[in-house]
Amino acid sequence: MDKKFAPHIEELTKALGNISRSTIEDELELLLKYRVPIDEAKRSILKKFQNDSPILKKVHELAIGDKGIALEVRILNINEKNVNLRGNSVTIFSGALADESGLCSFTSWKPISLNPGDAVRVRNASVRAWHNRAEVSIGDRSEVELLEETYLPDISELSVTPVKKLGEVGYSDMFISSVAAVIELYHRDVNVKGKDLTIIEGVMADETSRLPFVSWSLLDGVDIGTIVRFEDASVSMYRGVPSIHLNESTSVHIVGPEEHLPFTFASVNLPPKPLPIGDVLQNEGMFDVSVQGNIVSVRPGSGVIARCPECNRVIMKNTCRSHGVVEGIQDMRIKLILDDGTGSLLVMLNRELSEIVYGKTLQESESLMGKEMSANVVYDDMKNILTGHYLGVRGNTSKVEYGVTFVAKSVWVPSEDLDMRVSALLERLEGVE
Amino acid sequence: MVEREIAHRIFAKELNDSSSTIHSTIEEAINSEGHTPNYLLTPVGTMVNRVFIVGVITEVDNVGTDTDTWKARVVDPSGAFTVYAGQYQPQAAIFLSSVETPAFVSVVGKVRVYKPDAGSPIISLRPEEIHLADEAMRNCWVIDTAELTLDRIDAFSKMLSLCENDPDSFNCTENMEIPSNLSEGICLAIDNYGTGADYLNELRSVVKRCIISIDLASSADGDKDLDVVVMELLEELDEGKGVEYMDLLSVANSRNINEKAVDSAVRSLLAKGQCYEPKIGIIRPIS
């Protein structure tokens, strides 16, 4: 092949990792023979092969939206299902798969003959959201290959409910066992399928994290301050934040003071310590965390906004996307970027918090708009007042399509003891001229 | 998903000592959905695209020919950042055209590197946001920046000591608890600048000076009084154009304040942004 294409081939081999140089040369030669311009040819070769170099992932690393990944897992259970897909009756298979890192449900859209206990390598699978959790999707282009029986831990080992700290609970957990202190608890009356029920909602915590929980039975003797040990609680996910569900099959025991635990009710019931934003971004979603940093940007969409009275969506020019022309309800919000030098995070403030941070109420802002005859005046004013300032926020994070969002529950101006930080720094710099 | 670039906290000294840039590779361009930021590599291995700084704005000049372009100097305790704003940063340009120097400002901006044909590169900031700030914010910024800079220096020296016997520095970064982007930057810094323990120590002492310059304890005890006395002296002598340093010394001497004390008080006032040096040898109080 012509020498002048060597750098392009070099570049393609580099980009495609495990595709051989000769395959790439052949592909390129063929396309060039058809007089395809070199840039187009490179593009189509990249597109053709990129999916064939899958990344091997562990179950606990799966993220919604993953494409072209490979897994080495054991099938825990598998069921055949007939579903109606665009008018055609199709047989699909679904079930659960696991490796030593976790457990995950899967759906195969093509027939596969597998049995519970089989160890398989799945290539070119994708991960989609199903009931707010990751599900492996095996499609037409996926390959499933049987592995040797001894390749993975035994099925009995993989299907045991893991004992976890709350901070370790993630997408790959369907059931967990743990021990935690109840730090919030309230009763709620709900109506499930026509039946009135009283359920318990609350928050539990250990030394690693706090998580919301729901109990479908009234837990005798459990109140705020109680430490409970539970087994086989189910985990549900909403926007990357796990919650723990205690139901009939969960066993719950109250832990007495004689047992030695790495935490106490008092030690976990403190307000969360601010975390570096970089650490928060590592997680899909986090419940009740706090961060502080500088407001480096106030995003468009902040200020006085109007909402649809029906669906609460933000509307423009009195027109709602699904309800047409409506009489909007005035509201105020701030979307800001908080940055502490380790990462940057989009923080959402509702009206109440916006009024605190901005220092003007919705009414005052509206009168400001009236004077200036422009809706942008509030946004511009907010930018002037807020940008650069320090802010601390406490709330929940969740991962949505465009990154991690922090929904604040409370805000404050960090008033740290600078003297202490200075002496700590000088200590670190001891001996430096 | 494209992640927003971190606004790095960085002292002017570290930024201005930088000269290498990192442009994205073709591979990255292909995999990044069109988001291909360029970075300035500092000698400590920080890959900077965006910064957040709080300092004192001391000079603003209109340097534009056809359109208005404003050049400003924003000073932190280690040196000065150069800020340019033109027609594409309308809000920043308006701010600079009307700001009264000196004043505390906060700047969020992108790093720009201009390499003239001959000579060293010129590093400047293109502001995305520039707003008035206050002394408390600046002090807090200095402490944040000192902490983050020390973290990076410590990671660097950890890598240096562990990789001492390993000529290929890329091999030894695994199994070390250093975030991958930082260790990558450190390896690049070793390749590009040959950064060694000497530079790290130099930067450590800059960080120390920066912290001492804002020493909050001093404003609570005896040192404060001297700062206040010198400040009052400056205000007394200043007739609008600043005070000659030599005049200040002689007047102070006549009031039984020694040269060394005046010198340290002036430096502390400079660092706190309570006075500035419009020309060498001239001290002007900020009231």
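A salt bridge is a side-chain nitrogen of Lys or Arg within 4 Å of a carboxyl oxygen of Asp or Glu. The model shown is predicted: local features need pLDDT of at least 70, side-chain atom pairs count only at pLDDT 80 or more, and totals for chains, interfaces and linings use all residues. Residues are numbered from 1 along each chain as its sequence is written, and side-chain values use heavy atoms, with hydrogens and water left out.

**View 1. Salt bridges between chain A and chain B.** Five salt bridges are counted between the two chains. In one of them, Arg428(A) pairs with Asp151(B) at 2.9 Å, N to O.

**View 2. The contact of chain A with chain B.** Chain A contributes 36 residues and chain B 38 residues to the contact (heavy atoms within 4.5 Å). About 3300 Å² is buried between the chains, 61% of it on carbon and sulfur atoms; buried area is the accessible area (1.4 Å probe) that two parts lose on being put together, summed over both.

**View 3. The side of chain A that touches chain B.** Elements that each supply at least two residues include α1 (6–16), β14 (286–298) and α10 (418–428) of chain A. The largest share, seven residues, comes from α10(A). Helices (H or I, at least four residues) and strands (E, at least two) are DSSP runs, numbered from the N terminus.

**View 4. Ser354(A) in helix α7 (residues 351–358) of chain A.** Not counting residues up to four places away in sequence, Ser354(A) touches Met332(A), Arg333(A), Ile334(A), Leu349(A) and Gly359(A).

Technical notes:
Chains lettered and ligands numbered in written order.
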